[in-house]
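Please look at the protein below before reading on. The report then takes up its domains, the boundary between them, and its charged pairs.

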Amino acid sequence: MRKILPVLAAAALLAAGCAGSEAGGSGPIVVGSVNALSGAATFPEASRAAKAVFDAANAAGGVNGRTIEYKAIDDKGDPAAAAAAAREVVGGDHAVALVGSSSLIECEINAKYYEQQKILSVPGIGVDPACFSSPNIAPANVGPFHDMTLTLLYGSETLKLDNICALLEIAGNTLPAYQAAIDEWTKVTGKKLKYVDATVPYGGSDYTSYIVKARAAGCRAITVNPVEPDSIGQLKAAQAQGWNDVTWLLLTSVYSENYAKAISNAGAGVYVPAEFYPFTDAGAPANRQWRELMVKNGIPLTSFSQGGYLAAKYFLDVLRGIKGDITRESVTKALRGMQPISDPMVGTPYVFGPAQAHHDNTAGWPIKLATGTNKWEPAAQDWLRIPKQ
């Protein structure tokens, strides 16, 4: 028995060491994220921005004397890799939470696992429907579904457009979520779309047939949920057809300086409700701290880096309010019980809270890309918000 006791004691010490930040202590606080860092579509800025926030906090002394060890894992845009990445950071590294993730698929793949492991995730950019329908996930961004409601509201209520149509690029199980976004617009305005085509492909080589059908249907404005290359192809197809008086009601997914440079003919204008305060407004006080930190760390100025920055900033605010050990359990309790956090970069205060779903960011800042400008400009003086029903 005497020989066995030291072995058991050593095993217990080893187990305690492996538990790391999940069990508290004085070591680093492990925080993870699952991201599309490689593959067909990549979003590295969100996790890089989150890391920059945590690095700055560590340089200033950390949280209660403990540093944050940030682990950003690549899901490669692959379901199996996304599942493995979550298990690596949650089960292997014993993270206290996930912060700053940005992926096309990881919420759908890992939401149930997070519930099983009793861990919460604050993505920088939520994309798929599960990001906004899980009790354990609360993104920092508006998301594409509220973004579609907002762009429709701006088109019908501010621009006073009628005969609005939709060309939807549907991946996976997203059609019901986009339909719910359209239905929410109808509920607010009493209006309906003139024409809907939900067969538009991602990465299409030629969008001419879809544009021709939309024009023949009498559309004056079109809402689309595209990635940048697809939208560029759609606008060029409209231009080739001589359709230069159509208004495009798009989403934050096309809001970049590269997109603006690629679009010479924007028809009657491209309008987007930016999910965060427009980053192309270089002198805006709202973005000053974010911009300075991104420039210092060589991180692109994009909506993705805005989301990652805010996710980490919100998380730090909550972390610093925890009294006692910082563990997965105490972090979960603190996020569930947190008070809303306001920030000038967003139009809706952020709160995780105890809800069974988290889709509370309902504001966007309208911006416009006009023909011949190759430059985004503000199209409003304040946030556009989805009215509460």
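## Domains

Which residues does the domain assignment of the protein chain give to domain 1, and which to domain 2? Domain 1 takes in 29-143 + 283-358, while domain 2 takes in 144-274 + 364-385, the bounds coming from an automatic or database domain assignment. The C-alpha centres of the two domains are 29 Å apart.

This is a predicted model, in which local features need pLDDT of at least 70 and side-chain atom pairs count only at pLDDT 80 or more, whereas totals for chains, interfaces and linings use all residues. Residues are numbered from 1 along each chain as its sequence is written, and side-chain values use heavy atoms, with hydrogens and water left out.

## The boundary between the domains

Where domain 1 meets domain 2, 13 residues of domain 1 are in contact with 12 residues of domain 2, contact meaning heavy atoms within 4.5 Å. The size of an interface is often given as the accessible area lost when the parts come together. Here the two domains bury about 880 Å² between them, with 61% of it on carbon and sulfur atoms; buried area is the accessible area, found with a 1.4 Å probe, that two parts lose on being put together, summed over both. On the side of domain 1, P129, V142 and G143 lose the most area to domain 2, together 46% of what that side buries.

## Charged pairs

How many salt bridges does a search of the whole structure find? The search finds eight, a salt bridge being a side-chain nitrogen of Lys or Arg within 4 Å of a carboxyl oxygen of Asp or Glu. Between domain 1 and domain 2, however, the count is zero.

K112 and E115 form a salt bridge through their side chains, at 3.8 Å from N to O. These two residues are separated by about one helical turn, because they are three residues apart in helix 4, residues 106-117; helices are DSSP runs (H or I, at least four residues), numbered from the N terminus.
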